[in-house]
Amino acid sequence: AACQQPPGGCLAGVTADMTVAMLNKVGYKDAEIFEGGGQKHARAKLGQVVVYVIHGTCEGGVCKALAFQSYFGKQSNITWEYINAWYNQWRFTRLYRNKDGDLVFDMDLNFYSGVTPDYVEKSMVMYATRINRVLEFRPK
């Protein structure tokens with residue numbers, strides 16, 4: 001079902017400018033636009049952690065998918081057991097090693113049926129909360 005029209009309306013997608021404005025609104029720091037692959041994206045900071053918001057499925061600069069990504073380098077103390085324990089406890093985000101062996105934390109967000117601006121902002125807050133949790137996480 002399509003998004004029911006709330007007072008703020010529904011979003012079928014966002015621009016990088018809109019993403020930067022929402023990141024600033026919910027408390028991310030130093031939000032800015034950067035270009036990569038011929039597309040505008042956003043990045044901001046949560047403490048010392050850089051969060052990249054990659055825009056995908058775009059037409060005319062309006063994008064129907066966002067991928068939140070943070071990179072933590074090699075992190076040799078993070079084992080597969082740690083990663084599996086994370087998955088057993090938390091949903092909606094991914095923690096994995098990329099092809100270079102770097103630890104990556106990410107979350108996807110899509111707009112295909114339309115979403116409210118509030119939903120996007122709350123998703124940004126959830127990512128920030130989960131970043132803090134993954135940094136503090138200790139498997140049992």
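**Figure 1. Phe137, a buried ring in a predicted model.** Let's start with Phe137, which is buried, with a relative accessible area of 6%. Phe137 counts as buried because its value falls under 20% relative accessible area.

**Figure 2. Tyr82 and Phe137 form an edge-to-face pair.** A search of the whole structure finds eight aromatic pairs. One of them joins Tyr82 and Phe137: the ring centres are 5.3 Å apart and the planes meet at 80°, so the pair is edge-to-face. Is Tyr82 buried or exposed? With 10% relative accessibility, Tyr82 counts as buried.

**Figure 3. Phe105 and Tyr127 form a tilted pair.** Here, too, the ring centres are 5.3 Å apart, but the planes of Phe105 and Tyr127 are at 40°, so this pair is tilted. Phe105 lies in strand S6 (residues 103-110) and Tyr127 in helix H3, so the pair ties together parts that are 22 residues apart in sequence. Now look at how accessible each partner is. Phe105 counts as buried, at 0% relative accessibility. Tyr127 is buried as well, with a relative accessibility of 0%.

**Figure 4. Seven names, one aromatic cluster.** Which residues make up the aromatic cluster? The members are Phe68, Tyr82, Trp86, Trp90, Phe105, Tyr127 and Phe137.

**Figure 5. Thr57 has a positive phi.** This view moves to the backbone. Thr57 is not a glycine, yet its phi is positive, at about 50°. You can find Thr57 in strand S3 (residues 49-59). How accessible is Thr57: buried, partly exposed or exposed? Its relative accessibility is 47%, so Thr57 counts as partly exposed.

**Figure 6. Phe92 also has a positive phi.** Phe92 is another residue other than glycine with a positive phi, this one near 75°. Its place is the loop between H2 and strand S5 (94-97). With a relative accessibility of 60%, Phe92 counts as exposed, because the cut-off for exposed is over 50%.

How values were computed
Residues are numbered from 1 along each chain as its sequence is written. This is a predicted model: local features need pLDDT of at least 70, side-chain atom pairs count only at pLDDT 80 or more; totals for chains, interfaces and linings use all residues. Side-chain values use heavy atoms; hydrogens and water are left out. Rings of Phe, Tyr and Trp (its six-membered ring) pair if their centres lie within 6.5 Å; planes under 30 degrees apart count as stacked, over 60 as edge-to-face and the rest as tilted. Buried means under 20% relative accessible area, exposed over 50%, partly exposed in between (1.4 Å probe, protein chains only). Helices (H or I, at least four residues) and strands (E, at least two) are DSSP runs, numbered from the N terminus.
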